[in-house]
Amino acid sequence: MTDSSQIPEFNPQGPQLVYVAVADHIAARIAAGELVAGARLPAERDLATEYGVAYLTVRRAAGVLRERGLIVTVHGKGTFVVDPLPEGWAAPRA
């Protein structure tokens, strides 16, 4: 079940690097259930359009999410939320 009230507003003008802000926002969407375990993420170019950033910014954010163990990319298939999510994982606070 999705709880949009738990997802902070995306603010690329904040003190964070933009790619970290995108990664944190996607992580918050995962934590809120908007993006569930096993779900395929939209294409990088689609996410770039959604967030109003360059697609390379989204690619770098995806790298951060992979390092956090939240997503996995399968060549030729796409990028997916890991299933199951890491134990004890919680989204970063905005």
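Me: Which residues of H3 are buried?

Reply: Happy to start there. In this predicted model, the buried positions of H3 are Val-58, Ala-61, Ala-62, Gly-63, Val-64 and Leu-65. Buried here means under 20% relative accessible area.

Me: What do the buried residues of H3 pack against?

Reply: Their partners are H1, H2 and strand S1, which covers 71–74.

Me: How many residues does H3 have, and what is its reach from first C-alpha to last?

Reply: H3 spans residues 55–67, which gives 13 residues, and its reach is 19 Å, close to the 18 Å expected at 1.5 Å a residue. Just after H3, Gly-69 adopts a positive phi of about 80 degrees.

Me: Now to helix pairs. How are two packed helices described?

Reply: The general idea is to give the angle between their axes together with the distance between the axes. In this structure, take H1 (residues 18–31) and H2 (residues 44–51): their axes come within 12 Å and cross at roughly 100 degrees. Angles of 65 to 115 count as roughly perpendicular, so H1 is roughly perpendicular to H2.

Me: Which residues in H1 and H2 meet?

Reply: From H1 come Val-22, His-25, Ile-26 and Arg-29, and from H2 come Leu-47, Glu-50 and Tyr-51. Sorted by class, this contact has four nonpolar, one polar and two charged residues.

Me: And the chain as a whole: in what order do its elements run from the N terminus on?

Reply: The order is α-α-α-β-β, with three helices and two strands in total. Of the 94 residues in the chain, 37% are buried. The chain exposes about 5,900 Å², and carbon and sulfur atoms supply 52% of that area.

Conventions:
Residues numbered from 1 in each chain as written. Predicted model: local features only at pLDDT ≥ 70, side-chain atom pairs only at ≥ 80, totals over all residues. Heavy atoms only, no water. Axes fitted to C-alpha atoms, helices over the stretch in contact; angles between N-to-C directions. Helix = DSSP H or I, 4+ residues; strand = E, 2+ residues; numbered from the N terminus. Parallel < 35°, antiparallel > 145°, perpendicular 65-115°, else oblique. Contact = heavy atoms within 4.5 Å. Nonpolar A, V, L, I, M, F, W, Y, C, P; charged D, E, K, R; others polar. Buried < 20%, exposed > 50% of the residue type's maximum accessible area, 1.4 Å probe, protein only. Areas by Shrake-Rupley, 256 points an atom, 1.4 Å probe, with all protein chains shown as cover. Expected span 1.5 Å × (residues − 1).
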